Each structure stands twice: as C-alpha cells, then as structure tokens.
Amino acid sequence: MLSERGRPSIFWIFATIAMPFVWIAVRYRFHDREKMPPNGAVIIAPNHYSNIDPVVMGVGVWYLKRAPRFMAKASILRIPVLGWLLRKSGQIPVERGGSSSKSVEALKAARELVTKGRALIVYPEGSLTRDPALWPMRGKSGAVRLALELNIPIVPVASWGIQNVMGRYSNKLHVFPPKRVDIKVGDPVDLSEFAGKPLDAKLLAAATAKVMDAITALLEDLRGEKAPEQRWDPSQHNQSETGKF
C-alpha cells in the first residue's frame, strides 16, 4: 500500500522548503524506526524541549514515511501564505488560553484527521519542558483522550540533540557544524486497561503518566542515563506552563 508520503500532496512543498535547511543543520540517527506504523491512524507523542522541535521532528517523521500534522498555535496559522499552507496540509489551530468552544473545535478537527487514517503529532507536555535537565515534565491528557476515544495507537517517540541546534527558549540557530539528532521510536503504549471506562480526570491522569513514562524510558536510552524519579511539575515550583522564565 502506497504511503501518504508517497502520494503527491502539499507536503511535497513543505519537504522542498524544509529539508534542505534541516539537511544542513541536522544529521539524523534513527533507532527502531520499524516500530512506526507505516499506514493508518496514529498519534505520535514526542518529548518537547526546543522551539525548533516541530520542524526537526516533522522532517524526522517524514523520513519515517509519515506525513506529519500538528496541533499548532493558532497565531502561526494566521500568518499570510504560511498559514494557508499549514491549514491546507491539515495542521490544527489551537488557541492558547482560548475558550472551551475553540478547544472543542480543535479536538473535533483532530478526530477528523485520525478517522481518515492520518498521523497526528501531539506533544503531551503541551509546552517546552520546565525540567532544568530537559527531561519530560508532567503531561497533559489531550493525546490519551484522543487515543482512547477513537481506539487508535499512541506511539511514544524521544529525540535528543535538538537543543544543540536551538536551545530551550532561544531563537538562535546553531547550524554549523551539523548537529546529530537521535530519534527513537517506541512500541505503541498499551492503554487496554483504560479502554471502555469513563474518561474521568483520574483515569486520564493515569493513562497520561503511562505515556510519559514510555517517552522518558526512550529518552533514558538515548541519553544513557536515568531520569529523576519524580517527574517535574511546574505547579510545585511556582512556574507557569507557558512562556519563558
């Protein structure tokens, strides 16, 4: 079966624009790439620690033979030309701090994508990790809610090395020499224990923790070290979860 990446689409435009730049700045090394489902609906859940994550991860997912779609900040999708291209390719606008009705609209758009067998990248942390050592912080429930509601796999992915291309909270690129970025794909997270149950706050928190554990374990393998036993929680450190600090 021909993959979505192999069929002509607007993604070819993005590939033409993004891949030469990323090729200059990044040298990918993939681990367990065969674990990425080649077709069908899937939620891809990576760690998040650099403003340029979506570009580097998006190209990485393209190399993994999937067409990447994100839940992106709505402000980006209002940029002339770029915003039009992003919307046409299925990127989903999310109003940060917006109304509940807009959140519902975003979730509806995400459901439509996955029911069409697309790949949707959702950062479970919601924003750049606050952990000082760049380990994944506490996750949010959007990814697992979609996976459980629609009965589709959620695949954890960890990357390491993107911080050398652009540091956390920085907008400064470090292009030369090219930086190695490792991307490791995990097995779909087993959420069967939560299937068919009411999606209340307690269940979603437990399922989200399981996804974050899977992402963290992959990152431990890439970094060759153990993560802290206690996952970073911004609320326990008097930190907001958005913006620089």
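**Fold, cores and salt bridges in a predicted model**

The chain has six helices and seven strands; helices (H or I, at least four residues) and strands (E, at least two) are DSSP runs, numbered from the N terminus. This is a predicted model, in which local features need pLDDT of at least 70 and side-chain atom pairs count only at pLDDT 80 or more, while totals for chains, interfaces and linings use all residues. Residues are numbered from 1 along each chain as its sequence is written, and side-chain values use heavy atoms, with hydrogens and water left out. Reading from the N terminus, the elements go α-β-β-α-β-α-β-α-β-α-β-β-α.

How much of the chain is tucked away? Of its 245 residues, 49% count as buried. Here, buried means under 20% relative accessible area, exposed means over 50%, and partly exposed is in between (1.4 Å probe, protein chains only).

Now for the inside. A nonpolar core is a set of buried Ala, Val, Leu, Ile, Met, Phe, Trp, Tyr and Cys residues joined through side-chain atoms within 4.5 Å. The largest one has 39 residues, and those touching the most other members are Val26, Tyr28, Ile44, Val56, Val157 and Ile183. At least two residues of this core come from each of helix 1, strand 1 (26-31), strand 2 (42-46), helix 2 (53-63), strand 5 (119-121), strand 6 (154-160), strand 7 (179-185) and helix 6. A second, separate core holds 24 residues, including Ala110, Val114, Val189 and Leu191.

Eight of its 11 residues are buried, so helix 2 is largely enclosed by the rest of the structure. The buried ones are Asp53, Val56, Met57, Gly58, Val59, Gly60, Val61 and Trp62. Several residues of this stretch turn up again around Tyr28: leaving aside neighbours within four places in sequence, Tyr28 is in contact with Val22, Val56, Val59, Gly60, Tyr63, Val181 and Ile183. Just after helix 2, Lys65 takes a positive phi of about 75°.

What about charged pairs? The structure holds 10 salt bridges, each being a side-chain nitrogen of Lys or Arg within 4 Å of a carboxyl oxygen of Asp or Glu. One of them joins Asp187 to Lys35, with the closest N and O atoms 3.5 Å apart. This pair ties together distant parts of the chain, 152 residues apart: Asp187 sits in the loop between strand 7 and helix 6, and Lys35 in the loop between strand 1 and strand 2. Asp187 is partly exposed, with a relative accessible area of 47%, and Lys35 is partly exposed at 27%.

Arg145 pairs with Glu149, the closest N and O atoms being 3.7 Å apart. Both lie in helix 5 (residues 142-150), four residues apart, or about one turn of the helix. Arg145 is partly exposed at 26%, and Glu149 is partly exposed at 35%. The side chains of Arg223 and Glu225 also meet in a salt bridge (3.2 Å, N to O). Arg223 counts as buried because its relative accessibility is 16%, whereas Glu225 is partly exposed at 39%. Arg29, Arg180 and Asp182, for their part, are linked in a network of salt bridges.

Over in helix 6 lies Lys210, which is partly exposed at 28% relative accessibility. Its contacts, again leaving aside neighbours within four places in sequence, are Val189, Asp190, Glu193 and Phe194.

Finally, the surface. Trp23, Ile24 and Phe176 make a nonpolar patch of about 390 Å². Patches are made of residues with over 30% relative accessible area and no salt bridge, where like charges are joined within 9 Å and nonpolar side chains (Val, Leu, Ile, Met, Phe, Trp, Tyr) within 5 Å. Ile24 belongs to helix 1 (residues 11-25) and is partly exposed at 35%.

Note on methods
Accessible areas come from the Shrake-Rupley method with a 1.4 Å probe; for residues, only the protein chains shown count as cover. Contact means heavy atoms within 4.5 Å.
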